[in-house]
2 protein chains.
Amino acid sequence: MTLVITTYDWVPDFARGFVRDLRIRWACEEAGLPYQIETTPVREKSPQHFARQPFGQIPILRDGEIELFESGAILLYLGEDHDILMPRERKARTQTQQWLIAALNSLEPVVMSYVVAKLFDKDENAANLARPRLHDRLKQLVPVIEGRDFIAADRFTIADILMTDIIRGVESFGELGDYPALRAYAEPILARPAFRRAHAAQLEHFAEPA
Amino acid sequence: MTLVITTYDWVPDFARGFVRDLRIRWACEEAGLPYQIETTPVREKSPQHFARQPFGQIPILRDGEIELFESGAILLYLGEDHDILMPRERKARTQTQQWLIAALNSLEPVVMSYVVAKLFDKDENAANLARPRLHDRLKQLVPVIEGRDFIAADRFTIADILMTDIIRGVESFGELGDYPALRAYAEPILARPAFRRAHAAQLEHFAEPA
């Protein structure tokens, strides 16, 4: 059964290459899983969309009888079936899940708080409060990542998909300059052919008129 | 091997009953797992703490040879071994993981953004921007939860631990008034003996001088 990934029919220029269906495309590319893309309107979100995803977000994955949302949950789901995404061995799997959750609950929220204040709300006071919180987290990651090729389990996992996707977001708005160790970790992972294929496919998708 | 949960040695009054070790205590109580508590200083966090938990957070769980952090990851870890926390059947487990991740990545961040702006930063402008984002999410949860006893898999799971712990946080700062459906969902779950024991144990822990 071919996997079906739902994403938006359109996003503004600045978001292209950063929409979260990328994380799922990337995992599929790593595991050699064929997938199809379906779209749902972003400018007028439909009742059908909210019925499938209560927050009106994407991605949504359909795999035969099973449908689920939240990019982190979809990565866990695919990881259960594919060793290349998440190791079977208990300690390595536990580390993978720990860093997957840390990316989603301890790193991404401080990144988003800064992005929302600075870029969406253009609230300079809030951005000035959010920025040191973001940098505290980035600084705390340095000793973890320095000299490591991967964040968990000494090998590529779904935790690296999330961590590097978040780090390249930080890079995109110019806040990664002081962290060569984070860039040294992310760059080889983002050079993987699976990421490049996934990224190119998302850019191509959003280049087409909705 | 008895599980060991690390939490802080002290927190201010307003945080007592809301520290995240509660989620792990609760899961242990549900599964009948004995646990010990160890503490780490909160007022001057130690290098030993940062070596175990790069962000200086708690809880940390030790289970023999395995040690991990992030309350969501610890719940997943315990859930793998205990059906009462997470069902084995694929579709039910997938739903559980989906809502666990949704709680951590789509609900808790909007709650925390509001809390940080309103209560920590006392930044009224940022709080006024964060508040409707929080209420959008709460409103979106109503049709999901209305008439359901549990958020996933038609039974109690670790996803309910996270969802109801976050909802009672919202209640504690007075923003849950307009959502009787959310309260109707959370109240019976928070009346479970396992939650009550865990909550009482946390209050007792923080009542002792550090």
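Predicted model: local features only at pLDDT ≥ 70, side-chain atom pairs only at ≥ 80, totals over all residues.
Local features were considered at pLDDT of at least 70 and side-chain atom pairs at pLDDT 80 or more, while totals for chains, interfaces and linings use all residues. Residues are numbered from 1 along each chain as its sequence is written, chains are lettered from A in the order in which they are written, and side-chain values rest on heavy atoms, with hydrogens and water left out.

Two copies of a chain are related by a rotation about an axis and a shift along it. The same surface serves both copies, since 100% of the contact residues of chain B recur in chain A (contact means heavy atoms within 4.5 Å).

In chain B, four strands make up an open sheet of mixed pairing, in the order S2-S1-S3-S4. Strands are DSSP runs of E with at least two residues, helices are runs of H or I with at least four, and both are numbered from the N terminus; two strands pair if DSSP finds at least two bridges between them. Strand S2 (35–40) and strand S4 (66–69) of chain B stand at the edges with a single partner strand each, so one side of each is left without a neighbour in the sheet. On average, neighbouring strands are turned by 20° against each other, direction ignored. Helix H3 (residues 71–81) of chain B packs on this sheet and touches strand S1 (3–8), S3 and S4 of chain B, its direction making about 140° with that of S4(B) (axes are lines fitted to C-alpha atoms, for helices over the stretch in contact, and angles between N-to-C directions run from 0 to 180 degrees).

Strand S3 (residues 60–63) of chain B pairs with S4(B) in the antiparallel sense over four bridges. Among the bridge partners in S4(B), B:Phe69 faces B:Ile60 and B:Ile66 faces B:Asp63. The two strands form a hairpin with two residues between them, and B:Gly64 in the turn has a positive phi of about 65°.

In chain A, nine of the 11 residues of helix H3 (residues 71–81) are buried, so this helix is largely enclosed by the rest of the structure. Buried denotes under 20% relative accessible area, exposed over 50% and partly exposed the range in between, with a 1.4 Å probe and protein chains only. The buried residues of H3(A) include A:Ile74, A:Leu75, A:Leu76 and A:Tyr77.

Rings of Phe, Tyr and Trp (its six-membered ring) are paired if their centres lie within 6.5 Å, and count as stacked with planes under 30 degrees apart, edge-to-face over 60 and tilted otherwise. By this rule there are 10 aromatic pairs over all chains. A:Phe55 and B:Trp99 form an edge-to-face pair, with 6.2 Å centre to centre and 75° between the planes. This pair crosses between chains, from the loop between helix H2 (47–52) and strand S3 (60–63) of chain A to helix H4 (residues 90–120) of chain B. Both A:Phe55 and B:Trp99 are buried. B:Trp26 and B:Phe156 form a tilted pair, at 6.2 Å centre to centre and 35° between the planes. B:Trp26 lies in helix H1 (residues 21–31) and B:Phe156 in the loop between helix H5 (124–145) and helix H6 (158–172) of chain B, so the pair ties together parts that are 130 residues apart in sequence. B:Trp26 and B:Phe156 are both buried.

Charges also sit over rings, a relation that requires NZ of Lys or CZ of Arg within 6 Å of the ring centre and within 35 degrees of the ring normal. B:Arg137 lies over the face of A:Phe55 at 4.8 Å from the ring centre, and the charged end of B:Arg192 sits over the ring of B:Phe156, 3.8 Å from its centre.

Most residues other than glycine have a negative phi, and most peptide bonds are trans. A cis peptide bond joins A:Ile58 and A:Pro59, with omega about 5°, and another joins B:Ile58 and B:Pro59, with omega about 0°. A:Lys122 has a positive phi near 50° and is exposed, at 63% relative accessible area. A:Ala153 has a positive phi near 65° but counts as buried, at 15% relative accessibility.
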